[in-house]
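Here are my notes on this model, as numbered points. Please read them with the coordinates open.

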Amino acid sequence: MTRRTHAALAAALAATLTLGLGACKNDKSDSGSDAAPSSGQGQGPGAASGSVIGGTPAKGGTLNVLTNQDFAHLDPARNWTVPHMDFGTRLIYRTLTTFKSEPGAAGSEIVPDLATDLGKSSDGGKVWTFTLKEGLKYEDGTPIKSADIKYNVERSFSPDLTGGPDYAVQYLAGGENYKGPLTGEHLASIETPDDRTIVFHLKRPVAEFSDTVTLPTFSPVPQSQEKGTQYDSRPFSSGPYKIDTYDRGKQLVLVRNTNWDQSTDTVRKAYPDRIVVTQGIKGGQADDRIIASDGADANAIEMPWMAHESVSKVLTKPDVKARMAAEQTGCTDMLYLNTSKAPFDDPKVREAMMWAVDREAQVTAFGGPAMADVATSYLPPSLTGGTKADPLRIPAAGDPEKAKDLLKEAGKTGLKVSITVSLGDKTRAETIQQSLAKAGVQVTVNTVDPSAFTDTLGDTKNAPELTINGWCPDYPSGATFLPFIFDGRTIKEKGNQGNYSQFRDQATMDRMDQIAAMTDVNEANKAWQQLDEDLLKKAPAVPLMWQRRPLLAGTNVAGAFGNSGYAGMIDLAVVGLKDPSKGKG
């Protein structure tokens, strides 16, 4: 599409789609009809209206999930990618606490899951104790024990099990040199005095530890099921579904875990009998299939989300538009600059990139202002009190001449660099290529299959000079954002996550430690915002945009909405079918 066409599309979308979490929440619709609830304000299904696509599901049938990619990781010690965390923690395994399954802001509320409550803290917030509910069982009927959660947390330290959340490594006492349980060593800072009690001893007070244990790191894995890196292909179920078959890159089939007890689970509804994930669907084929909703595709959703170039196809079809929502993500997309080597080890060159990038063009390439906003800071508005911080005041379209002057000052004219992106971001990479060319920087674009992209970036020795990626807070706190993308101590040689800029700055790390030690949450929030401004001046990455997820469901799908706790992804805990008899097989 041309830029002008995108602008027209964006204007149309802005007038017709539900966009954002800021509006008042209405009662959830349970009519079961295709149409969006009529509010008289043109709102469709989504977070802002507090409604769901298709109303309330019935129990039974087969839900189909269409996707262009295999799972990066399903091993709960390694699963830290949206939407795969949503898939794993809503369907296959449970965690100590989890996000409430509600549209709108309520989706960020933390509720007990395996635990009876949100945990009890002592020793000034350095010790946290959780008690497991009674009657919890795995897929084979054996009881879930506190020692199994301890074991999976310990697994997250294993150098061979890369890619997962780093919270346990950062927070638990005595974990600095720990290498996981595969050698027979265990962490003394996790105690399991009985089968239903688990006690965590932390290095420092963590007031938000109840939020931390929503992560898949804090789900159970019995030691008897340990398969090392092969556990990715067959996690042992503690959730409502278990894996029936998994042909990597082609198809994954989930069936009911008959030992999951609904009475112990207030969040998951487990409506479908089966969930079939069909992988490797190219381009916009999944969009076209769900738009048409012929046959089994009437029972389909897609993962991760609808291609933005397909959005225009729904606007002239009211029945299709009623099956779509555009949910805010709370995430920031960035152009990461590899600061570990030239030319981006030079702060002046990085500053030039801040001025060279046309962020408006990024938004246009993504579908226009209805699908994304220009990012003016690393922290998204959800972490800055709802306001868009813009401390640098750089024009959204950039300033190539200013960038040229900065490169000249650095003595780095005629630069040639490469950018490596996931295949689906090729257009956005080409947009970066075009904007940097105006500043005299020649860029070569490389693409990687989505299933291999995370591992490609995680290899620090061979990491690309430039890449596009994003970060979403694991819960609403700056502590889940800036430390994970700019703390040099989080960098790993293999399986590096978040700090793709490989940014190591002692002053930044010292300030992060000072903020982490603050007991006043409001004081800490202000400090994170100031650090954000300081980091923007050091320019380890260029903030690009704050995107929304365009979510589309088939005509027979019900219970679909974007959960804010999972960065706007369809909440798989409650999605199902209107008429299960139409979703057999």
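1. N496 touches G458, T460, T490 and I491, leaving aside neighbours within four places in sequence; contact means heavy atoms within 4.5 Å. N496 sits in the loop between α13 (482–486) and α14 (506–516). Helices (H or I, at least four residues) and strands (E, at least two) are DSSP runs, numbered from the N terminus. With 1% relative accessibility, N496 counts as buried. Buried means under 20% relative accessible area, exposed over 50%, and partly exposed in between (1.4 Å probe, protein chains only).

2. A word on the basis. This is a predicted model, where local features need pLDDT of at least 70, side-chain atom pairs count only at pLDDT 80 or more, and totals for chains, interfaces and linings use all residues. Residues are numbered from 1 along each chain as its sequence is written, and side-chain values use heavy atoms, with hydrogens and water left out.

3. Salt bridges come to 34, counting a side-chain nitrogen of Lys or Arg within 4 Å of a carboxyl oxygen of Asp or Glu. In one of them R155 pairs with D75, with the closest N and O atoms 2.8 Å apart. R155 belongs to helix α3 (residues 146–155) and D75 to the loop between β1 (62–67) and α2 (84–92), so the pair ties together parts 80 residues apart in sequence. R155 is buried at 0% relative accessibility. D75 is buried too, with a relative accessible area of 0%.

4. R94 forms a salt bridge with D113; the closest N and O atoms are 2.8 Å apart. R94 lies in the loop between α2 and β2 (97–99), and D113 in the loop between β3 (110–112) and β4 (120–122), so this bridge ties together parts 19 residues apart in sequence. R94 is buried at 2% relative accessibility, and D113 is buried at 1% relative accessible area.

5. Buried or exposed: which is E134? E134 is exposed, with a relative accessible area of 60%. Its salt-bridge partner is R196, the closest N and O atoms being 3.4 Å apart. The pair ties together parts 62 residues apart in sequence, because E134 lies in the loop between β5 (127–131) and α3 and R196 in the loop between β6 (190–194) and β7 (197–201). R196 counts as partly exposed at 32% relative accessibility.

6. One network remains to be noted. R94, D113, D265 and R268 are joined into it by salt bridges that share partners.
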